[in-house]
Amino acid sequence: HFRKTGNVVLSASLDGTVRAFDLYRYRNFRTMTCPTPVQFSCVSCDASGEIVAAGTTDTFQVCTWNMQTGRLLELLSGHEGPISSLVSLNECWVSSSLGPRRPSPGTRLKERGLQTH
């Protein structure tokens, strides 16, 4: 994931790290981790580039950090499967996961030949 400034790229890894790389100096300048071992599947940052978030494949959590300090801010839970994507939109984080498929309430009605509005 590229930061808005264009000089930083973020990577998420199954080794449990999220890394920030400076594209001008060609070096890793920040490594972020969680307090317990996890495997990361996706990473994103907010529009300001100040908050980094990464989703896990094994604990189904989203971890957030301060980009400047690397300090862990929050561990967010609630997904029931591996987190597949994250994006920050208008000061709101949106995440998706590969959790158990649950049909919407209208699905059963459609299967029975009934109409939903």
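Which residues make a nonpolar surface patch of about 220 Å²? Val 87, Leu 89 and Val 94 make this patch. The model is predicted, with local features requiring pLDDT of at least 70 and side-chain atom pairs pLDDT 80 or more, while totals for chains, interfaces and linings use all residues. Residues are numbered from 1 along each chain as its sequence is written, and side-chain values use heavy atoms, without hydrogens and water.

**Overall composition**
- The protein has nine strands and one helix (DSSP runs of E, at least two residues, and of H or I, at least four, numbered from the N terminus).
- From the N terminus, the order of elements is β-β-β-β-β-β-β-β-β-α.
- Of its 117 residues, 31% count as buried (under 20% relative accessible area, 1.4 Å probe, protein chains only).

**The four-stranded sheet**
- An open sheet has the strand order E4-E5-E6-E7 with antiparallel pairing (at least two DSSP bridges between two strands).
- Strands E4 (40-45) and E7 (72-76) each have a single partner strand, so one side of each is left without a neighbour in the sheet.
- Strand E5 (residues 51-56) is joined to the antiparallel strand E6 (residues 62-66) by five bridges, and Ala 53 stands opposite Thr 64 in E6.

**The surface patch**
- Val 87 lies in strand E8 (residues 83-89) and counts as partly exposed at 34% relative accessibility (between the 20% and 50% limits).
- Patch residues have over 30% relative accessible area and no salt bridge, with nonpolar side chains joined within 5 Å; a salt bridge places a Lys or Arg side-chain nitrogen within 4 Å of an Asp or Glu carboxyl oxygen.

Terms used. Patch = residues over 30% accessible without salt bridge, like charges linked within 9 Å, V, L, I, M, F, W, Y side chains within 5 Å. Areas by Shrake-Rupley, 256 points an atom, 1.4 Å probe, with all protein chains shown as cover.
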